[in-house]
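I record what I looked up, entry by entry.

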Amino acid sequence: MHQSTPSAELRHRTIDASAGRLHVVEQGTGPLVLLVHGFPESWYSWRHQLPALASAGYRAVALDVRGYGRSSKPSSPQEYRMRALVDDNVALVHALGEETAVIIGHDWGSNIAAISALLHPEVFRAVGLLSVPYAPPGGPRPSDIFAQMGGDQEFYVSYFQEPGRAEAEIEPDVRGWLAGFYAALSADTMPAQGDPDPHFVSSGGTLRDRFPKDRSPSWLTETDLDFYAGEFERTGMTGALNRYRNMDRDWEDLADVNGLPIKQPSLFIGGSLDASTIWMADAINAYPETLPGLVSSHLLDGCGHWLQQERPDEINRLLTIWLEAVS
């Protein structure tokens, strides 16, 4: 068991990476645990995990993914391809003076963590996936799949493809849009079953049309919302949205690893009410083949998409148990 030491305050650092700078926030000392956020989030999404992991004897490091917060925001959409983000993670581990790390991701961060582990098993010795299950690269072209979803409605990933389109919806009222988006995917505020699905856009409409109104999830304080809104008001939304604009490019870039399993020790945690987990049930069922090193898999009853913020104590407990098992 790692010796627990009194955890220091959060330390903000800027580190040179493959295409510029990466802003990271770290706490604690010990084996390195890299925390990768999703959309539309920030290092701040791991605010409950940083002190818990530090107290458990780990060096917990949460980054602003390329395009977010204080990290670099290249202008070209193709600079947000998966292989570039994986290169950022490898460069970050080495810049922190380490050879290896455990990597844990949520939402898009789950995909980034998974592919980082797949491409660089020599660096990422274990991988934790929150919300979005691992599905090996390959299969049909992503844009073709998304185009077939929803019938006469447009899937949100397709809606995000055209540069400037989603920005025009979000940026005039970043705070209000984020509040609605977080509420739409939170267990205690999401639309009731049978209501219009907030993952789809009606013809001529916007995503926001389907967000809950005047309901705030219990996990989201005004201070939290102020932080997220402040970050995106300063940076704009393009860097974050550009991740979605590389899905076909990633499909081509990763063809050499199509169908490959991740063999390192792994963890999956999903929410029973999270569309990411529900829609990808087949991927979870395939874990004996795709994640042969799986240590544990958990489905949190009554939990939505924002796992580590909706259920911080439960997530912290599951993460520290798993980290102890793989360390």
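**Entry 1: helix α3.** I looked up how far α3 is enclosed and found that 11 of its 12 residues are buried, so the rest of the structure largely encloses this helix. I took buried to mean under 20% relative accessible area, exposed over 50%, and partly exposed in between, with a 1.4 Å probe and protein chains only. Helices here are DSSP runs of H or I with at least four residues, strands are runs of E with at least two, and both are numbered from the N terminus.

This is a predicted model, in which local features need pLDDT of at least 70 and side-chain atom pairs count only at pLDDT 80 or more, while totals for chains, interfaces and linings use all residues. Residues are numbered from 1 along each chain as its sequence is written, and side-chain values use heavy atoms, with hydrogens and water left out.

The buried residues of α3 include Trp108, Ile112, Ile115, Leu118 and Leu119. Their cover includes β3 (32-36), α2, β5 (101-106), β6 (124-130) and α10 (247-253). I also checked the length of α3: its 12 residues should span 16 Å at 1.5 Å a residue, and the end C-alpha atoms lie 17 Å apart, which agrees. The expected span is 1.5 Å times one less than the number of residues.

**Entry 2: α2 against α3.** At what angle do the axes of α2 and α3 cross? I found roughly 75°, with the axes of α2 (residues 82-95) and α3 (residues 108-119) coming within 9 Å. The axes are lines fitted to C-alpha atoms, for helices over the stretch in contact, and angles run from 0 to 180 degrees between N-to-C directions. The two helices are therefore roughly perpendicular; that term covers 65 to 115 degrees, with under 35 roughly parallel, over 145 roughly antiparallel and the rest oblique.

On the α2 side, the contact (heavy atoms within 4.5 Å) is made by Met82, Arg83, Leu85, Val86 and Asn89, and on the α3 side by Trp108, Asn111, Ile112, Ile115, Ser116 and Leu119. Among the buried residues of α2 I noted Met82, Leu85, Val86 and Asn89. Just after α2, Gly97 has a positive phi of about 80°.

**Entry 3: helix α8.** I listed the buried residues of α8 (residues 222-235) as Asp224, Leu225, Tyr228, Ala229, Glu231 and Phe232. Viewed down the axis of α8, they fall within an arc of 155°, so they line one face of the helix. The arc is that of the directions from the helix axis to the C-beta atoms. An α-helix has 3.6 residues a turn, so residues three or four places apart point the same way. On the other side of α8, Glu222, Thr223 and Glu233 are exposed. The buried residues pack against α7 (174-184), α9 (238-241) and α14 (307-310). Just after α8, I noted a positive phi of about 75° at Gly236.

Entry 4: Is Tyr182 buried or exposed? Tyr182, found in α7, is buried, with a relative accessible area of 0%. Beyond its neighbours within four places in sequence, Tyr182 contacts Pro40, Pro217, Trp219, Leu220, Leu225, Tyr228 and Trp306.

I then turned to Arg175, which also lies in α7 and is partly exposed, at a relative accessible area of 27%. With the neighbours within four places set aside, Arg175 contacts Glu222, Leu225, Asp226, Ala229 and Glu233.
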